[in-house]
Amino acid sequence: MSLNATPSAERVHIGFFGRRNAGKSSVVNAVTGQELAVVSDVKGTTTDPVSKAMELLPIGPVVIIDTPGIDDEGTLGELRVRKTKQVLNKTDVAILVIDSTAGRTEAEEELIALFKAKEIPYLIVYNKCDLLPPGTELQMEAGACVVSAVNKTGIQELKEAIGRLASAGGPETCIVRDLIQPNDFVVLVVPIDSAAPKGRLILPQQQTIRDILEAGAVSVVTRDHELKETLERLGTKPAMVITDSQVFGKVAPVTPLDIPLTSFSILMARYKGQLEGAVLGAAAIDKLQDGDTVLISEGCTHHRQCDDIGSVKIPNWLKKHTGKDLNFVFSSGVEFPDDLSPYQLIIHCGGCMLNEREMKYRQKCAADQNKPFTNYGIAIAHMQGILKRSVEIFPDLAAKLNV
Ligand SMILES: Nc1nc2c(ncn2[C@@H]2O[C@H](COP(=O)(O)OP(=O)(O)O)[C@@H](O)[C@H]2O)c(=O)[nH]1
Ligand SMILES: [Mg+2]
């Protein structure tokens, strides 16, 4: 990822679905103007979902995802279909590509049912219109597009239609700017220890600073060691202290009680629509019994910092906090188990590499199976006894913790 790039989790994820040979890869290439995906008349050429982040006018920063055919057969085929469904969990806008010489079948009905079940806005595209005999009247749903990936007809209209669907999303959410005023000081506590990445700040920290700038407020960024002196020398009471969860224990005692204190994890959980579930889910930590199994799930496969927290620190803290003999199972990347029945609790990373839709999907899987679901930072705050203080900035939620 280049320095100037929009993080993948913030991009509109546009997935292309359909049967094998409908022309999905050809349409992807025509829409992006790039040879993103291999086109072939051999069925099943696209074996894995292919993703690419790009700027796509008139839509903006997007991730384009080409998928294998949904009608794939055999064992390998089933695996591809499973991958296709995994892609749906992060898809913000779905494009169903249909070969207009073949029309709609069971496979298309199945995909449309999936889009509806997952509440994904979708668009139907009839491709290969160049092959239709002149004057053919297509049986089409309202709003569908007719294109030829080969002749590039209808591609501009298709891009505009995708743009309309992509921008029809929910209200814009923010990280912290709705909680502060212009010119407020906000103190951010960022520990620089061996687990911190070299030479940079992590994504939630960057995004929070950006959001504070957006509010016209001022970020004062300090390490935990300098926090006490920073607060003394600031000369004015900051509107808020936002800390890395791992140093809650040091930060809470030196932050006067009349200064609101919260963490990056809590703000990011709210940003991804997860806060309430994760805060209430953390209570399950205290109900764990000997022999229980905790699933620790990581959104990415390469974050050294998260890895250390997830695989080492959290298991140790949980054992110490509960005094129970616990088992741990770890998952990472796109893999998230369908069956959560072996687990008494799921603790997920903050999901900075996953988009909001994917995080909500995982939380919903847990809710559907009656499993408590929380995240790293919120679990840590709970174990350090300061979760209540750190959600006081959200009075409705704080009230629910009191009952
Ligand atoms: N005539 C015509 N052929 C197309 C069109 N789009 C794709 N094809 C052909 O259909 C075959 C399958 O295309 P591909 O993009 O690989 O389909 P996918 O399996 O859905 O990704 C290839 O031989 C393409 O050249 C189109 O608009 N018109
Ligand atoms: Mg393909």
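Biologist: Why is Gly15 called buried?

Modeller: Good place to start! This is a predicted model, and in it Gly15 has 27 other C-beta atoms within 10 Å. The label buried asks for 20 or more, so Gly15 is buried.

Biologist: Which residues does Gly15 touch, leaving out those up to four places away in sequence?

Modeller: Gly15 sits in strand E1, residues 12-18. Its contacts are Ile65, Thr67, Val87, Leu88, Thr91, Ala94 and Ile95. A contact here needs C-beta atoms within 7 Å, so each of these residues meets that cut-off with Gly15.

Biologist: How far is Gly15 from Met140 in sequence and in space?

Modeller: Gly15 and Met140 are 125 residues apart in sequence, and their C-alpha atoms are 21 Å apart.

Biologist: Let us turn to the sheet. What makes strands E13 and E14 a pair?

Modeller: Three bridges join E13 (residues 345-348) to E14. Pairing needs at least two bridges, so E13 and E14 count as paired. For instance, Ile346 has Phe373 in E14 as its bridge partner.

Biologist: In what order do the four strands of the open sheet stand?

Modeller: The order is E12-E11-E13-E14, with parallel pairing. Strand E12 (327-332) and strand E14 (373-375) are at the edges, because each has a single partner strand, which leaves one side of each without a neighbour in the sheet. On average, neighbouring strands of this sheet are turned by 25° against each other, direction ignored.

Biologist: Which helix packs on this sheet?

Modeller: That is helix H12, residues 376-383, which touches E13 and E14. The direction of H12 makes about 85° with that of E14.

Biologist: How many residues of domain 2 are in contact with domain 3?

Modeller: The chain is divided into domain 1 (8-167), domain 2 (177-268) and domain 3 (275-383). In domain 2, 14 residues are in contact with 12 residues of domain 3. The side of domain 2 that touches domain 3 takes its largest share, four residues, from H8. By type, the residues of that side are 10 nonpolar, four polar and no charged.

Biologist: And the ligand: which residues come nearest to ligand 1?

Modeller: Of the 21 residues around ligand 1, the nearest are Gly23, Lys24, Ser25, Ser26 and Asp41. Helix H1 (residues 24-32) gives the largest share of this shell, three residues.

Biologist: How do the residues of that shell divide into nonpolar, polar and charged?

Modeller: The shell around ligand 1 has five nonpolar, 11 polar and five charged residues.

Terms used
Residues numbered from 1 in each chain as written. Chains lettered and ligands numbered in written order. Predicted model: local features only at pLDDT ≥ 70, side-chain atom pairs only at ≥ 80, totals over all residues. Near = placed C-beta within 6 Å. Helix = DSSP H or I, 4+ residues; strand = E, 2+ residues; numbered from the N terminus. Nonpolar A, V, L, I, M, F, W, Y, C, P; charged D, E, K, R; others polar. Axes fitted to C-alpha atoms, helices over the stretch in contact; angles between N-to-C directions. Contact = placed C-beta atoms within 7 Å. Buried ≥ 20, exposed ≤ 12 C-beta atoms within 10 Å, placed from the backbone. Domains from an automatic or database assignment.
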